[in-house]
Amino acid sequence: MYSFTKARKKPLFAEDTKLWLIFIGAVSGLMIFFSLFLLTKIYFYQKDIKNFKSQIVQNRKQIIDFTQKIAFIKKEKQLVTEIEVNNELLKDGVKNLLDLIPDPITLTNIKIEKNYLYIYGVTPTKDVYNVLLLPPLKSIFTQTKTNFYQMDNGWYRFESINILKEDK
Amino acid sequence: MKLKIPRIPKIEMFGIDIIKNMLFFTLFVVIFLFLLAVIVAPSIKKFKETKKEYFSSKIKYDKSETELEKKTYEYQKLYKENKRIIFALKREFDKNNFKMFSDKYMKLTSIKDKNISVYNKEFIKKTYIITAKLNTPVNFYKFVDNSKNYKNIIKIYFPIVFKAKNGEINLLYKLEHFKVK
């Protein structure tokens, strides 16, 4: 058979079908793209969360470390303060004790312990010792014992043992 | 035998195929709802949860950072203020150096090691018995006063013995040196 018109190519899809397919494809694509975008954001958030968590653990370790170091420095400071106070008190104690010795009395030997004092010296008379040195010693120590030994020149060597008993 | 497929009737209005477009609209709604339910909604839900967790972690992180900064500052300040003590407590006791230090006040005759003990669990206490000669007890006071400036941490302790001999004073005292364990 012969036809006067040329055969036209029949499109695979009609125009409106094409439009629908493009529209559905575009909307689906956008939705998938949006989901992928969210998933990417989630991935980065989770990565940051992981970093935060590990950083928090590290920070906590460092905080504990610093806290221990601070406590130790405070301990060191306390120890040194105690030592400095002890040295100061010891110096004042010895100084006050030696200042107690009146001029006529000469000491040749002093032994100072925490609760004990031994004094060995020379006094012109027993009275000088008993009036000038004994009262302050008695006021400090709980027990005071003195022995006198007369010398050739009439002066006395004395030996004083003083004990401080701490209250229980 | 020929198979008969039922054909969808074609209803056209202004040249538009109503049935076909209705079917495509239905297909679009179905696909849209399916994607929304299966992909988008779970993603949004997960995103919201993660975002909440992120901010919660960030707040905790910021808090720990602030606390760390505070502690670091406190430590650095304390370290700076007590640098002398910290280094002094790390040093070993050097007898020759101590002799040089003491020489300003008295003539050191001997330094005898007595014992070593642990003090307060974290420190070591080394005890020495020192003997020296000096002219006046005032030098002993000056020495004790200046001991806080010595490079080691030293404690002067009992017994303290002063013995007058040949116009000089023989001194004996206990010295305790403290060091970090």
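Q: How many Å separate the centres of domain 1 and domain 2 of chain A?
A: In this predicted model, the centres of domain 1 of chain A and domain 2 of chain A are 67 Å apart, taken over C-alpha atoms. Domain 1 of chain A covers 14-100 and domain 2 of chain A covers 103-168.

Q: Where do the domains of chain B lie, and what separates their centres?
A: Chain B has domain 1 at 17-80 and domain 2 at 92-180. Over C-alpha atoms, 70 Å separate the centres of these two domains of chain B.

Q: Are H1(A) and H1(B) roughly parallel or roughly antiparallel to each other?
A: The crossing angle decides this: angles under 35 degrees count as roughly parallel and those over 145 as roughly antiparallel. The axes of H1(A) and helix H1 (residues 18-81) of chain B cross at roughly 15° and come within 6 Å. H1(A) and H1(B) are therefore roughly parallel to each other. The crossing in which H1(A) passes H1(B) is left-handed. By class, the contact of H1(A) with H1(B) has 34 nonpolar, 13 polar and 15 charged residues.

Q: At what angle do the axes of H1(A) and H4(B) cross?
A: Helix H1 (residues 15-100) of chain A and helix H4 (residues 137-146) of chain B have axes that cross at roughly 165° and come within 9 Å. That angle makes H1(A) roughly antiparallel to H4(B). H1(A) passes H4(B) in a left-handed crossing as well.

Q: Which residues in H1(A) and H4(B) meet?
A: From H1(A) come Asn87(A), Leu90(A), Lys91(A), Lys95(A) and Leu98(A). They meet Pro137(B), Tyr141(B), Val144(B) and Asp145(B) in H4(B). By class, this contact of H1(A) with H4(B) has five nonpolar, one polar and three charged residues.

Q: How is a sheet read, and what is the strand order here?
A: Strands of a sheet pair through backbone hydrogen bonds, either parallel or antiparallel. In this structure an open sheet of eight strands runs in the order E3(A)-E4(A)-E2(A)-E1(A)-E5(B)-E6(B)-E4(B)-E3(B), with antiparallel pairing. Strand E3 (143-150) of chain A and strand E3 (107-119) of chain B stand at the edges, each with a single partner strand, so one side of each has no neighbour in the sheet. On average, neighbouring strands of this sheet are turned by 15° against each other, direction ignored.

Q: What does H1(A) touch on the sheet?
A: H1(A) packs on the sheet and touches E1 of chain A, together with strand E4 (123-134), E5 and strand E6 (168-180) of chain B. The direction of H1(A) makes about 20° with that of E5(B).

Q: How many bridges join E1(A) to strand E5 of chain B?
A: Four bridges join E1(A) to strand E5 (residues 153-165) of chain B, and these two strands run antiparallel. The bridge partner of Ile110(A) in E5(B) is Phe162(B).

Q: Which pairings join E2(A) to other strands of chain A?
A: E2(A) is joined to E1(A) by six bridges, and the two run antiparallel. Thr106(A) has Val122(A) in E2(A) as its bridge partner. E1(A) and E2(A) form a hairpin, with three residues between them. Strand E2 (residues 116-123) of chain A is also joined by eight bridges to strand E4 (residues 156-163) of chain A, again antiparallel. Tyr118(A) stands opposite Ile161(A) in E4(A).

Q: Which backbone angles deserve a look?
A: Most residues other than glycine have a negative phi, and most peptide bonds are trans. In chain B, a cis peptide bond joins Phe158(B) and Pro159(B), with omega about 0°. Pro159(B) is in strand E5 of chain B. Asn120(B) is not a glycine, yet has a positive phi of about 50°. Asn120(B) lies in the loop between E3 and E4 of chain B.

Note on methods. Residues are numbered from 1 along each chain as its sequence is written. Chains are lettered from A and ligands numbered from 1 in the order in which they are written. This is a predicted model: local features need pLDDT of at least 70, side-chain atom pairs count only at pLDDT 80 or more; totals for chains, interfaces and linings use all residues. Domain bounds come from an automatic or database domain assignment. Axes are lines fitted to C-alpha atoms, for helices over the stretch in contact, and angles run from 0 to 180 degrees between N-to-C directions. Angles under 35 degrees count as roughly parallel, over 145 as roughly antiparallel, 65 to 115 as roughly perpendicular and the rest as oblique. A crossing is left-handed if the near helix is turned anticlockwise from the far one by less than a right angle, and right-handed if clockwise. Two residues are in contact if their C-beta atoms, placed from the backbone, lie within 7 Å. Ala, Val, Leu, Ile, Met, Phe, Trp, Tyr, Cys and Pro count as nonpolar, Asp, Glu, Lys and Arg as charged, and the others, Gly among them, as polar. Two strands pair if DSSP finds at least two bridges between them.
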